[in-house]
Amino acid sequence: MEQVWANRAGSAETAIATRHFQRLWGIPGTQLGVVGWPAVRRERLFGVWHYWWQAHLLDCLVDAQLRAPNADRLTRITRQIRGHWLRNPGWTNSYYDDMAWLALALQRAGGYLGVDTARATDTLTKQLVGSWSPADGGGIPWRKSDKFFNAPANGPAGIFLARHGRVHRATEMADWIDATLIDPDSHLVFDGIKDGSLVRAQYTYCQGVVLGLETELAMRTGEPRHLARVRRLVGAVATEMTDGKVLHGGGGGDGGLFNGITARYLALVATSLPGDTDADAETRDTAAGIVLASAEAAWENRQSVDGLPLFGPVWDRVAVIPELPKTAAVKIDGGVNPSEVPEHDLSVQLGGWMLMEAAHTLSHA
């Protein structure tokens with residue numbers, strides 16, 4: 001099965017490269033992902049571009065280079081990084097979750113591939129460390145000058161900091177999430193806490209980032225509480241957020257990335273969670289089963305356009321081929337709403353590619 005998943009991941013990569021990769025404003029040596037296909041004018045001109053979608057595009061390129069190293073892709077990775085910097089000089093923005101996702105992707109490009117990302121990761125590290133706000137109820141906030149402390153910011157920031165050697169702070173963040181955002185009934189992760197009030201929404205990617213953080217800490221600290229939290233949360237995801245082991249979809253817009261992120265970190269659980277008890281082995285097997293069932297469903301329900309896959313936002317439903325939209329994805333109050341046909345959105349296609357790469361890591365392990 002390793003070659004099957006390698007081929008599928010490669011096809012997903014080629015689909016995005018063909019439909020979405022473009023120079024930034026025609027500047028040589030740059031690349032970004034056009035955020036829709038077929039693209040409207042403002043998308044083609046990078047009038048909109050969505051920082052955190054581009055971070056996940058970079059992360060998927062790193063996945064692909066680890067799967068099948070080649071010089072051309074390494075060039076694309078450096079062009080993606082340069083394009084990001086030119087479109088967003090200084091690396092930072094007002095959203096800590098955005099910066100955490102970019103920090104993770106740059107960290108992997110530097111650590112695994114030898115790309116020089118040290119200056120960028122140092123800049124982002126200072127942002128993520130300096131935003132820790134226990135006196136205000138956090139956690140780190142979702143964005144600057146905000147009192148919303150949520151899992152989508154603290155989870156990826158904690159993963160990055162754990163991998164960056166700041167295990168103590170990552171542990172503080174994990175303990176804050178566990179004390180503040182866990183539903184006592186379902187054991188799922190709530191979205192966040194705003195001005196002292198719990199925001200009770202439960203998104204797939206909230207579960208994914210907490211699984212990633214707790215798994216990183218289980219590997220680095222040996223503390224049994226992190227193993228126990230992963231076991232509990234994998235069980236909750238399997239019970240509450242899958243149908244027939246297939247992860248629930250998050251729609252288009254920002255939601256197009258949600259289930260792909262969850263698959264990425266379920267794959268990390270399956271391949272890297274320590275522990276030699278039967279419960280630990282069952283947790284790894286459950287996590288792997290969700291990823292593989294989701295990937296099979298997404299592949300079976302894809303559309304084929306010019307011989308390349310197009311994924312849907314809900315992996316157990318047949319994808320819809322988009323036409324040039326009347327209403328493309330629009331950013332409103334820090335979040336990106338979906339296009340009228342979610343398959344138009346780069347986020348949805350990245351989620352499918354991320355899933356294929358996650359399935360490959362399991363077959364390769």
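Biologist: How many aromatic pairs does the structure hold?

Modeller: The structure holds nine aromatic pairs. Rings of Phe, Tyr and Trp (its six-membered ring) pair if their centres lie within 6.5 Å; planes under 30 degrees apart count as stacked, over 60 as edge-to-face and the rest as tilted. This is a predicted model, where local features need pLDDT of at least 70 and side-chain atom pairs count only at pLDDT 80 or more, while totals for chains, interfaces and linings use all residues. Residues are numbered from 1 along each chain as its sequence is written, and side-chain values use heavy atoms, with hydrogens and water left out.

Biologist: What kind of pair do Tyr95 and Trp142 form?

Modeller: Edge-to-face, with 5.3 Å centre to centre and 65° between the planes.

Biologist: Where do Tyr95 and Trp142 sit in the chain?

Modeller: In distant parts, 47 residues apart. Tyr95 is in the loop between helix H4 (71-87) and helix H5 (96-113). Trp142 is in the loop between helix H6 (118-130) and strand S3 (148-150). Helices (H or I, at least four residues) and strands (E, at least two) are DSSP runs, numbered from the N terminus.

Biologist: Is Tyr95 buried or exposed?

Modeller: Tyr95 is buried, and Trp142 is too. Buried means under 20% relative accessible area, exposed over 50%, partly exposed in between (1.4 Å probe, protein chains only).

Biologist: Which aromatic pair does Trp142 form with Phe148?

Modeller: Another edge-to-face one: 6.1 Å centre to centre, 70° between the planes. Trp142 and Phe148 are both buried.

Biologist: Which residues do ring pairs link into a cluster?

Modeller: Trp52, Trp101, Tyr203, Tyr205 and Phe258.

Biologist: And charges over rings. Which ring does the charged end of Arg8 sit over?

Modeller: The ring of Trp5, 4.7 Å from its centre. The charged end of Arg19 sits over the ring of Trp37, at 5.0 Å from the centre. The cut-offs: NZ of Lys or CZ of Arg within 6 Å of the ring centre and within 35 degrees of the ring normal.

Biologist: How many bridges join S3 to S4?

Modeller: Three; S4 covers residues 192-194 and runs antiparallel to S3. Phe149 stands opposite Ile193 in S4.

Biologist: Where does Gly196 lie?

Modeller: In the loop between S4 and S5. Gly196 is exposed, with a relative accessible area of 66%. Gly196 and Phe148 are 48 residues apart in sequence, yet 8.7 Å apart in space, C-alpha to C-alpha.

Biologist: Last one, helix H11. How many of its 15 residues are buried?

Modeller: 13, so H11 is largely enclosed by the rest of the structure.

Notes:
Two strands pair if DSSP finds at least two bridges between them.
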